[in-house]
Amino acid sequence: MTGTKLKELFLKGPFGLTMTSVLLGFLVGAIVLLIAGFNPLEAYWAILKGICSKPKYVSYVIIYSTPLIITGLSVAFALRTGLFNIGAEGQFIVGAMTAAMAGYFIQVPMLLHVPLCLFLAMSAGAVWGGLAGHIKARFGVHEVITTIMLNWIALYLSNWSLTLKSFGKQGTGKSYMFQETARVDLFGQWKITEAGIEFIRSHKVLGDILKSPVNLGIIFALLFAFLMWYILNKTTLGYELRAVGFNPDAAEYGGINVKRSIITSMSIAGSLAGAAGALQVMGVSHKVAKLAIMEGYGFDGIAVALIGNNTGPGSVFAGFLFGALKYGGSKIQDAVGAPTEVISIVVGTIILFIAMPKLIQVILKSRRG
Amino acid sequence: MEPVIQDLGFIIGTTLMYSTPLIFTSLGGVITERSGIINIGLEGMMYFGAFAGAAVAYFTQNPWLGLLCAALGGAFWGLIHAIACVSFSAEQIVSGIAINFLGAGSALFISRLLFDGATQTLTVARKIPQPLDFLFGEGKMFASSGFMDLVFNRFATVYLAFFLVFVVWFVLYKTKLGMRVRAVGENPEAANTLGISVIRIRYGAVIMSGFFAGLGGAAMSIAVVSRFSNTLISGHGFIALAAMIFGKWKPQGALIACLLFGAAKGFEIFLGSKGVPVAGDILAMLPYVLTLIILVGFVGKTTAPAAIGKIFDKGDHS
């Protein structure tokens, strides 16, 4: 009985679709590597080793995954209301900029400083996302075009802020490093004391982990994922937002304020992407730098949301998958000489198959028959 | 020559140069969306075209062959998008996002194989020529760096882009084929009933959009600059997409929107070269702010083709 149930889940449910797509993604990646003259098994083995052969690597994977999980949640949240948040990139940028400013200018104790930074950054992200939502609700302009515009405005705004003498270190293209009290790294200061250096040298596993910029970001990411699941599935607000995503006309008929839902959804999505930017600054970089091009956290978040089937837990899974591939993939160049970008091909293929449930079902059925 | 006039020529010339890649790509957007298929993968197609154009132009020393291969490369990803969206009823935006990863990823993958592990090509020996120089000899037609020279002595791709705006407009509005494309984008069921092959029209339109996006990429990599690098196309495909929507899904509208984005770039470069103490970042931001304002104030909704993004399944209707 359970066997058939599992089969059902795999054949009809989103889980089977995702898993089949992931497998096909790696298969296509392997074929591409083979054609290019590399041994795909060697290349994938190098990625796997690059992910988990050292405690430090695992730690780096978590650090890489953190912003991707949160921007993934942002895109996923909006998608559940039927909105396509291409703007996670820009919301990330304003979040990072705001956090960097709050971390540099405001002087309060740590217990206040960290939540304050995060709150301000999330508010900035919420404004950025909410603006796109408002324009959609009020004027009917598609959120895809407004968020694309807002991404660029965010990028130039952030770059402009660095030209301000009080915020940007002139001539370096970077902002001033912000204060200790706004950071969420673990043992950041202690690591450079003598005791810290001694500890890292003498403890094999923990010391190795501490060589990476360990921070609390992942805790926040998991917390956000839980909150998203809770809001969407256990609250009236979540029910309304999902109803609008499912069928806006029916939702309107059922007495749900569709316009308000659109604005709310985009604001929450924006605040999440803003938090991702803030945590990246508070945990890893401690400053913002001039952006020549988009960094891609928001765009990668779209991939994460799609692979994760637009759910909280799914985004966590997909974020870790993407983060691991990104970090592990950066090593195959040295290990086997194969281009790192095979990762983009794998991820792109996974998404392409996820876009085509019809094809996947045909494949699964033919295998069964 | 009056310096003011010369400056004006410089600005117009730079505007034209930077608008061109956007115009090609934006036209591609018009074609596909008019047939009812959203193509958010323009960025990836443009990215791949920019690489293919520069790589082929480098190895063959023939910029025209580069331009053609760029278009064909873009068309290949158009074909993939068409297979997904038309034959397998894919979510069009999701498929487009996939194309963006695949187009950029495969371009960089091949680049690393061909150019010794680098994510950029080497400089091409010959860029797309400037027809006036080619026809009359350098500086013969107009005095060098004069107004006329700055405005009209441009790369062939600039002329080609303007010509194609006319062609796309003509085909869409004045020919049977164009009428069919528009019919399919507005009401595929009715078009199907009238005996138009929705599937064939959409395949053609999506592949053509890739073709145009590929041209756009090459117009960047072998005309505006002389090589491909991994940061060259960062976001231009998305700007072209926005320009198409801004231009109300019309070729002539897209042209104007692209010129606006190009003009902002032109001013930015001009003021930068003069050392004018204007915040370049604020200036660069302006066209995007302006687009938002115009969209909110003047364009609004209801201009998109009616059947856009909707899955057409022949079996359900006939």
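**Close-up views of a predicted two-chain model**

**View 1. The largest nonpolar core.** Of its 220 residues, A:Ala275, A:Ile351, B:Ala50 and B:Ala243 touch the most other members. A nonpolar core is a set of buried Ala, Val, Leu, Ile, Met, Phe, Trp, Tyr and Cys residues joined through C-beta atoms within 7 Å; buried means that 20 or more other C-beta atoms lie within 10 Å of a residue's own, with C-beta atoms placed from the backbone. Helix 10 (residues 198-224) of chain B gives the largest share, 16 residues. Helices are DSSP runs (H or I, at least four residues), numbered from the N terminus. Domain 1 (8-36 + 339-369) and domain 2 (54-337) of chain A both contribute, so the core lies between them.

This is a predicted model: local features need pLDDT of at least 70, side-chain atom pairs count only at pLDDT 80 or more, and totals for chains, interfaces and linings use all residues. Residues are numbered from 1 along each chain as its sequence is written, and chains are lettered from A in the order in which they are written.

**View 2. Chain B against chain A.** Here 39 residues of chain B are in contact with 39 residues of chain A (C-beta atoms, placed from the backbone, within 7 Å). Helix 4 of chain B supplies the largest share of chain B's side, 14 residues. By class, that side has 26 nonpolar, nine polar and four charged residues. Charged means Asp, Glu, Lys and Arg; nonpolar means Ala, Val, Leu, Ile, Met, Phe, Trp, Tyr, Cys and Pro; the others, Gly among them, are polar.

**View 3. The two domains of chain A.** Their bounds come from an automatic or database domain assignment. The C-alpha centres of domain 1 and domain 2 of chain A lie 27 Å apart. Helix 17 of chain A gives the most to the side of domain 1 that touches domain 2, with seven residues.

Notes
Contact = placed C-beta atoms within 7 Å. Buried ≥ 20, exposed ≤ 12 C-beta atoms within 10 Å, placed from the backbone.
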